[in-house]
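Reader: Can you walk me through this model? Keep it quick.

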Amino acid sequence: GFLTGALADVISRMPESEVVQNTMQQLDTMFGSELNPRPASSVFVKAKVVDWSQRQFARGGYSHPSLGALVGDREALAAPVEGTLFFAGEATHPAVNPCMQFALQTGEHAAAQIVDAAYPARHSAL
């Protein structure tokens, strides 16, 4: 899930097991039915709780267009530097932010750029 503000502060002080239990209960409430009242917790295997507010380089933040942002700013941020320095993250996605899936997508894109830069003959053979 995604939390901000005072609720995020409360959750960050909870033990991980309690966060997971509360999340499973919420999902069961949202998606449960008479036939299957516990669809999430009944198949739950394992979870990873990340408190982004405690991460040195994130500090709980995420990107969003600021006043004065222009079309193309995100593409400029994502542009490789001299074929040796590559960027990824939701801030570099041209269309959508702040979304983890697009952070992952830009990571895959940057990885492909690195491979292309490291093995240029591979690309020309296609």
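Author: What follows is a short tour, residue by residue. This is a predicted model: local features need pLDDT of at least 70, side-chain atom pairs count only at pLDDT 80 or more, and totals for chains, interfaces and linings use all residues. Residues are numbered from 1 along each chain as its sequence is written, and side-chain values use heavy atoms, leaving out hydrogens and water.

Reader: What is the mean pLDDT of the protein?
Author: It is 87, and 91% of the residues reach 70 or more. pLDDT is the predictor's confidence in each residue, from 0 to 100.

Reader: OK, Asp-28. Where is it found?
Author: Asp-28 is in helix H2, residues 16–31.

Reader: Which side chain of opposite charge is nearest to Asp-28?
Author: Arg-38, 4.3 Å away. Asp-28 is buried yet has no salt bridge. Buried means under 20% relative accessible area, exposed over 50%, partly exposed in between (1.4 Å probe, protein chains only). A salt bridge needs a side-chain nitrogen of Lys or Arg within 4 Å of a carboxyl oxygen of Asp or Glu. For charge, Lys and Arg count as positive and Asp and Glu as negative; His and the chain ends are not counted.

Reader: And what is Asp-28 in contact with, leaving aside neighbours within four places in sequence?
Author: Pro-37, Arg-38, Pro-39, Ala-40 and Ser-41. Contact means heavy atoms within 4.5 Å.

Reader: Switching to Trp-52. Where does it lie?
Author: Trp-52 is in the loop between H2 and H3. Leaving aside neighbours within four places in sequence, Trp-52 is in contact with Ala-58, Arg-59, Gly-60 and Met-100.

Reader: Why does Trp-52 count as partly exposed?
Author: Because its relative accessibility is 43%.

Reader: Now Glu-82. What about its phi?
Author: Glu-82 has a positive phi of about 50 degrees, although it is not a glycine. Glu-82 sits in the loop between helix H3 (73–78) and helix H4 (100–118). Its relative accessibility is 75%, so Glu-82 counts as exposed.

Reader: Last one, Arg-13. Where is it found?
Author: In the loop between H1 and H2. Arg-13 counts as exposed because its relative accessibility is 62%. Arg-13 and Asp-51 are 38 residues apart along the chain, with their C-alpha atoms separated by 9.6 Å.

Note on methods. Helices (H or I, at least four residues) and strands (E, at least two) are DSSP runs, numbered from the N terminus.
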